[in-house]
Amino acid sequence: MKTFKSVLTTVFATVVLMSCGGEKKKEKESFSYEKESATNKSEVKEAPAVEVLTDKEVAPLLAKNTCVACHKKDEKLIGPSYKDIAKRNYEDKRIVELIYKPEPENWPEYKVPMLALPQVPKGDAFQIARWINSLK
Ligand code: HEC
């Protein structure tokens with residue numbers, strides 16, 4: 001009985017430890033707009049988008065998420081060019097926020113406001129944001 005108990009304790013402890021580890025990882029991967037202060041350089045590195053994609057690699061993401069309908073890299077279309085957006089010097093995270101919740105008042109010269117695109121996967125949004133910022 002004693003051994004059974006200690007085995008049980010060990011199993012319990014392992015499960016607790018494992019779930020703690022899992023929790024921690026989850027916390028790192030998740031992304032919160034509220035926690036402004038949580039963005040230091042090292043944490044940004046751990047965000048879903050680590051590498052800057054090339055134009056060719058980012059193209060399918062822009063197509064899949066309908067950005068192509070309104071944006072081009074060098075020329076304005078319905079929305080500003082990505083190069084012009086890059087000049088605003090937004091942080092990647094801020095660009096992601098603006099994809100989810102556009103602020104048309106930032107671009108008064110554009111008559112049609114950007115559509116909010118909350119369905120864009122966070123990973124895609126970060127990859128696109130990093131790519132936009134690489135155009136500076
Ligand atoms: C229906 C057309 C349309 C679509 C689709 C669209 N945009 Fe836009 N976007 C605009 C317009 C217009 C603006 C400028 C006015 C505004 O922000 O509303 C803009 C502005 C932006 C800005 C600058 C925001 C700011 O406040 O400075 C970013 C970044 C951006 N778009 C990225 C994207 C990305 C990435 C996608 C695809 C996931 C996308 N847009 C899809 C029309 C669009």
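Where is the place of Thr-66? In this predicted model, Thr-66 sits in the loop that runs between α3 and α4, the latter spanning residues 82-86. The phi angle of Thr-66 is near 65 degrees, which is a positive value in a residue other than glycine. Thr-66 has 13 C-beta neighbours inside 10 Å and therefore counts as partly exposed.

The protein has six helices and zero strands, and the order of elements from the N terminus is α-α-α-α-α-α. Of the 136 residues in the protein, 18% are buried. Among the contacts between residues at least 6 apart in sequence, 63% join residues at least 24 apart.

The loop between α3 and α4 also holds Pro-80. Pro-80 has 21 other C-beta atoms within 10 Å, and because a residue with 20 or more is classed as buried, Pro-80 belongs to that class. When neighbours within four places in sequence are left aside, the contacts of Pro-80 are Ile-85, Trp-107 and Tyr-110. Pro-80 and Tyr-110 are separated by 30 residues in sequence, and their C-alpha atoms are 8.0 Å apart in space.

A positive phi is also found at Asn-89, where the angle is about 55 degrees although the residue is not a glycine. Asn-89 is located in the loop between α4 and α5. With 9 other C-beta atoms within 10 Å, Asn-89 is exposed.

Helix α5 covers residues 92-100, and its buried residues are Asp-92, Lys-93, Ile-95, Val-96 and Ile-99. Viewed down the axis of α5, these buried residues fall within an arc of 160 degrees, so they line one face of the helix. In general, an α-helix has 3.6 residues a turn, so residues three or four places apart point the same way.

The packing of α5 against α6 was examined next. The angle between α5 and α6 is about 120 degrees, and their axes are 8 Å apart; the two helices are therefore oblique to each other. Their crossing is right-handed. On the α5 side the contact is made by Asp-92, Ile-95, Val-96 and Ile-99, and on the α6 side by Ala-125, Phe-126, Ala-129, Arg-130, Ile-132 and Asn-133. Sorted by class, the contact of α5 with α6 comprises seven nonpolar, one polar and two charged residues.

The crossing of α3 and α6 is left-handed, whereas that of α5 and α6 is right-handed. In this contact, Val-58, Leu-61 and Leu-62 of α3 meet Asp-124, Gln-127, Ile-128 and Trp-131 of α6. By class, the contact of α3 with α6 contains five nonpolar, one polar and one charged residues.

Key. Residues are numbered from 1 along each chain as its sequence is written. This is a predicted model: local features need pLDDT of at least 70, side-chain atom pairs count only at pLDDT 80 or more; totals for chains, interfaces and linings use all residues. A crossing is left-handed if the near helix is turned anticlockwise from the far one by less than a right angle, and right-handed if clockwise. Helices (H or I, at least four residues) and strands (E, at least two) are DSSP runs, numbered from the N terminus. Two residues are in contact if their C-beta atoms, placed from the backbone, lie within 7 Å. Ala, Val, Leu, Ile, Met, Phe, Trp, Tyr, Cys and Pro count as nonpolar, Asp, Glu, Lys and Arg as charged, and the others, Gly among them, as polar. A residue is buried if 20 or more other C-beta atoms lie within 10 Å of its own, exposed if 12 or fewer, and partly exposed in between; C-beta atoms are placed from the backbone. The arc is that of the directions from the helix axis to the C-beta atoms. Axes are lines fitted to C-alpha atoms, for helices over the stretch in contact, and angles run from 0 to 180 degrees between N-to-C directions. Angles under 35 degrees count as roughly parallel, over 145 as roughly antiparallel, 65 to 115 as roughly perpendicular and the rest as oblique.
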